[in-house]
Amino acid sequence: AQWFWGIHRMVSAELELPVVRLQDGTQATWGLGRVGVGLKFAPWDTERFPFAIRTELELPTASQSLPEEMRTGSGAVFMTAALKRGAWSVQTDAGYESDRAAEDRALVFDAAGLFELTEHATLHAEWTGERAVKGGEWQSYAGPGLSYASAGLRVGTAIMAGLTDGSGRLRVVVSLGREF
């Protein structure tokens, strides 16, 4: 679940509370993931090329059923951009994510192409990935999604297939967001 607040025309905040299900063979684990707190700042006010710097802090929860790497805190800095032309838009994030351990620092990215089907429904294609700074394989996922928004509430889903050997086979993302 995500909540967004517009603090000022060029500053917004986000709170993210993920419920995570991990599948390992026949064993499934559910738990509360890291709570994300973010702040987005646009250094200039322009509609031609909206650009922002986004910081995020993920705080561990007490969910002992999840693996250790999901029970540690992390911080991230992203450059975010968006372009919109008619019913089409593109949103991108590229950044750096780290926790206290040097081996858990990564370059991360996310890109989404969106098409407004109606005033409330949006079809999107997403591509996301990460790679550890100290080497290792890229983990990359891509897939389609659909979201519906009404009265400040947005519900969405995406089915993301693993594209690289370092990725899992499939991720299903369901989101619920409220704008304030």
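1. Is R54 buried or exposed? R54 counts as buried, because its relative accessibility is 11% and the cut-off for buried is under 20%. Keep in mind that this is a predicted model.

2. Confidence comes next. Mean pLDDT for the chain is 83, and 89% of the residues reach 70 or more. Among the elements, strand β3 (residues 19-24) has the lowest mean pLDDT, 72. Strand β11 (residues 139-150) has the highest, 94.

3. A search of the whole structure turns up three salt bridges. R54, E56 and D93 are linked in a network of them.

4. Take R54 and E56. Their closest N and O atoms are 2.9 Å apart. E56 has a relative accessible area of 14%, so E56 is buried.

5. R54 also forms a salt bridge with D93, at 2.9 Å from N to O. R54 sits in strand β6 (residues 51-59) and D93 in strand β8 (residues 88-98), so this pair ties together parts that are 39 residues apart in sequence. Both R54 and D93 are buried.

6. K84 and E116 make a salt bridge, with 2.8 Å between the closest N and O atoms. This pair links distant parts of the chain. K84 belongs to strand β7 (residues 74-85) and E116 to strand β9 (residues 105-116), 32 residues apart.

7. R54 and D93, by contrast, are both buried.

Note on methods:
Residues are numbered from 1 along each chain as its sequence is written. This is a predicted model: local features need pLDDT of at least 70, side-chain atom pairs count only at pLDDT 80 or more; totals for chains, interfaces and linings use all residues. Side-chain values use heavy atoms; hydrogens and water are left out. pLDDT is the predictor's confidence in each residue, from 0 to 100. Helices (H or I, at least four residues) and strands (E, at least two) are DSSP runs, numbered from the N terminus. A salt bridge is a side-chain nitrogen of Lys or Arg within 4 Å of a carboxyl oxygen of Asp or Glu. Buried means under 20% relative accessible area, exposed over 50%, partly exposed in between (1.4 Å probe, protein chains only).
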